[in-house]
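Welcome! Please take a moment to look over the sequence and the 3D structure shown here before reading on.

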Amino acid sequence: MAAPHAPACPCGRNDARGRPLPLAQCCGPLHGGEPAPSAERLMRSRYSAFVLGDVHYLRATWHASTRPPELSLEPGARWLGLEVRRHHMTGAQTAEVEFVARCRVAGRAVRQHERSRFVQEDGRWFYVDGDALSCGAAP
Ligand SMILES: [Zn+2]
């Protein structure tokens with residue numbers, strides 16, 4: 001059982017009783033190297049990694065074919081929340097996740113409604129492409 005003060009996971013996932021899951025029981029283990037059980041969980045853990053500034057994890061879960069050579073996070077961005085709208089398999093080992101992410105940068109609220117594609121290889125999910133989260137990028 002989590003300590004009462006355990007910080008809630010940035011991705012906003014709730015447990016079966018509708019209470020926010022702590023980071024250590026949600027995206028934390030994935031950031032530590034555990035494979036994500038689904039594309040949705042990988043999507044959530046990548047959002048959390050953005051919030052926590054975990055560039056290493058973002059690169060590690062980016063498919064080699066589309067991974068940018070360099071990855072830097074927007075300085076001063078404040079992530080406000082993630083809402084996964086839809087998650088469905090598009091093939092035996094491919095999936096698509098539709099989500100809305102909100103953030104604030106330089107005092108301006110930004111809302112991203114995107115679709116991302118994922119592929120599973122050797123039991124691990126990778127982000128392939130679609131729409132990368134980029135808080136602060138002009139729409
Ligand atoms: Zn999480």
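The report below walks through this structure, from its overall layout to a few single residues.

## The overall layout

This is a predicted model. The mean pLDDT of the protein chain is 89, and 90% of its residues reach 70 or more. Confidence is highest in helix H1 (residues 28–31), at 98, and lowest in E3, where the mean is 91.

The protein chain has 3 helices and 4 strands. If you follow the chain from the N terminus, the elements come in the order α-α-α-β-β-β-β. Of the 139 residues in the protein chain, 29% are buried.

Let us now go through the pairs. E1 and E2 are antiparallel and share 11 bridges; one place to look is His88, which stands opposite Glu96 in E2. Strand E2 (residues 94–105) then pairs with strand E3 (residues 108–121) over 12 bridges, again in the antiparallel sense. Here you can find Cys103 opposite Val110 in E3, and Glu98 opposite Arg115 in E3. Finally, E3 pairs with strand E4 (residues 124–130) over 6 bridges, also antiparallel. In this pair, Gln120 has Trp125 of E4 as its bridge partner.

## The turns between strands

The strands are linked by hairpins. The hairpin of E1 and E2 has 4 residues between the strands. The hairpin of E2 and E3 has 2 residues between its strands, and Ala106 takes a positive phi near 50 degrees there. E3 and E4 also form a hairpin, with 2 residues between them.

Most residues other than glycine have a negative phi. Asp122 is not a glycine, yet its phi is positive, at about 50 degrees. This residue is found in the loop between E3 and E4. Is Asp122 buried or exposed? Asp122 has 6 C-beta neighbours inside 10 Å, so it counts as exposed, the cut-off for exposed being 12 or fewer.

H2 has 14 residues. From its first C-alpha to its last, the helix reaches 20 Å, close to the 20 Å expected at 1.5 Å a residue. Why can H2 be called largely enclosed by the rest of the structure? The reason is that 13 of the 14 residues of H2 are buried.

In soluble globular proteins, nonpolar side chains tend to be buried together. In this model, the largest nonpolar core has 29 residues, and those with the most contacts inside it are Ala39, Leu42, Tyr47 and Phe118. Two or more residues come from each of helix H2 (39–52), helix H3 (55–60), strand E1 (77–89), E2, E3 and E4. Which element gives the most to this core? It is H2, with 7 residues.

Leaving out residues up to four places away in sequence, Leu42 touches Ala36, Thr61, Phe118, Trp125 and Tyr127.

One last stop is Ala60, which is found in helix H3. With 14 C-beta neighbours inside 10 Å, Ala60 counts as partly exposed. Ala60 and Phe126 are 66 residues apart in sequence, while the distance between them in space is 8.4 Å, C-alpha to C-alpha.

Conventions
Residues are numbered from 1 along each chain as its sequence is written. This is a predicted model: local features need pLDDT of at least 70, side-chain atom pairs count only at pLDDT 80 or more; totals for chains, interfaces and linings use all residues. Two strands pair if DSSP finds at least two bridges between them. A nonpolar core is a set of buried Ala, Val, Leu, Ile, Met, Phe, Trp, Tyr and Cys residues joined through C-beta atoms within 7 Å. A residue is buried if 20 or more other C-beta atoms lie within 10 Å of its own, exposed if 12 or fewer, and partly exposed in between; C-beta atoms are placed from the backbone. Two residues are in contact if their C-beta atoms, placed from the backbone, lie within 7 Å. pLDDT is the predictor's confidence in each residue, from 0 to 100. The expected span of a helix is 1.5 Å times one less than its number of residues.
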